[in-house]
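Let me put the model up, and then I'll talk you through it.

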Amino acid sequence: MDFFIISAERSNFSNGQNSNRTLTMAAALLREGEDFIACHGVYKGTAERSFMVMDAGPQTACLIERLAKEYEQESVLEVRELRATLVYFDGQAPLYMGRFEQHHGPVAGLEAYTRIGNEIYVVTN
């Protein structure tokens, strides 16, 4: 299963603004017919609502890039065969992070993780 993790939130926006951005992104994903799961993430120590968008081919990657730019996202996490890469949209080269794996244990102190339902996932080296 290959997928992207993307958020519409920005740390410099209010909770209300971020809620609106999240709803607007969800509507765009629905309109485009994408298969996705709402999830909760932490990136660089900051909590944010995000989406795990299943990769259905080149059209999904194009949509993810468009949304990332539209919502001024620094990067998205692209996961292929459980190998996680941060993909940037400002000219930086993609950065391989490690394996996307289920985490068992406390999340306190983790810089980055994704909660999908009751399960926690992290990227390990």
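Some housekeeping before that. This is a predicted model, so local features need pLDDT of at least 70 and side-chain atom pairs count only at pLDDT 80 or more, while totals for chains, interfaces and linings use all residues. Residues are numbered from 1 along each chain as its sequence is written, and side-chain values use heavy atoms, with hydrogens and water left out.

So, the overall picture. We've got two helices and eight strands, where helices are DSSP runs of H or I with at least four residues, strands are E runs of at least two, and both are numbered from the N terminus. Going along the sequence, the order is β-α-β-β-α-β-β-β-β-β. The radius of gyration is 14 Å, close to the 14 Å from the globule rule for 125 residues, so the protein is as compact as a globular protein of that length. For the record, that radius is taken over C-alpha atoms, and the rule is 2.2 Å times the number of residues to the power 0.38. The C-alpha trace spans about 35 × 35 × 30 Å along its principal axes.

Buried residues are 40% of the 125; buried here is under 20% relative accessible area, exposed is over 50%, and partly exposed is in between, with a 1.4 Å probe and protein chains only. And of the contacts between residues at least 6 apart in sequence, 49% join residues at least 24 apart, a contact being heavy atoms within 4.5 Å.

Now the strands. I call two strands paired if DSSP finds at least two bridges between them. β2, residues 36–43, runs antiparallel to β3, residues 46–54, over eight bridges. Within that pair, H40 has R49 as its bridge partner.

β4 and β5 are antiparallel with six bridges, and V79 sits opposite A84. Four bridges join β5 to β6, again antiparallel, with R83 facing R99. What about β5 itself, enclosed or open? Five of its six residues are buried, so β5 is largely enclosed by the rest of the structure.

Salt bridges next. My rule is a side-chain nitrogen of Lys or Arg within 4 Å of a carboxyl oxygen of Asp or Glu, and the count comes to 10. The one I'd click on is R80 with D2, at 3.4 Å between the closest N and O atoms. That pair ties together distant parts of the chain, with R80 in β4 and D2 in the segment before β1, 78 residues apart. Both belong to a salt-bridge network that also takes in D55 and E78. By contrast, look at E70 and R66, whose side chains meet at 3.6 Å, N to O. Those two are four residues apart in helix α2, so about one helical turn separates them.

Which residues does E81 touch? Leaving out anything up to four places away in sequence, E81 touches M1, D2 and R99. E81 is in the loop between β4 and β5, where it takes a positive phi near 50 degrees. With a relative accessible area of 56%, E81 is exposed, and its salt bridge to R83 has closest N and O atoms 3.5 Å apart.

Now compare E9, in the loop between β1 and α1. At 10% relative accessibility, E9 counts as buried. Apart from neighbours within four places in sequence, its contacts include N18, R21, R49 and Q73.
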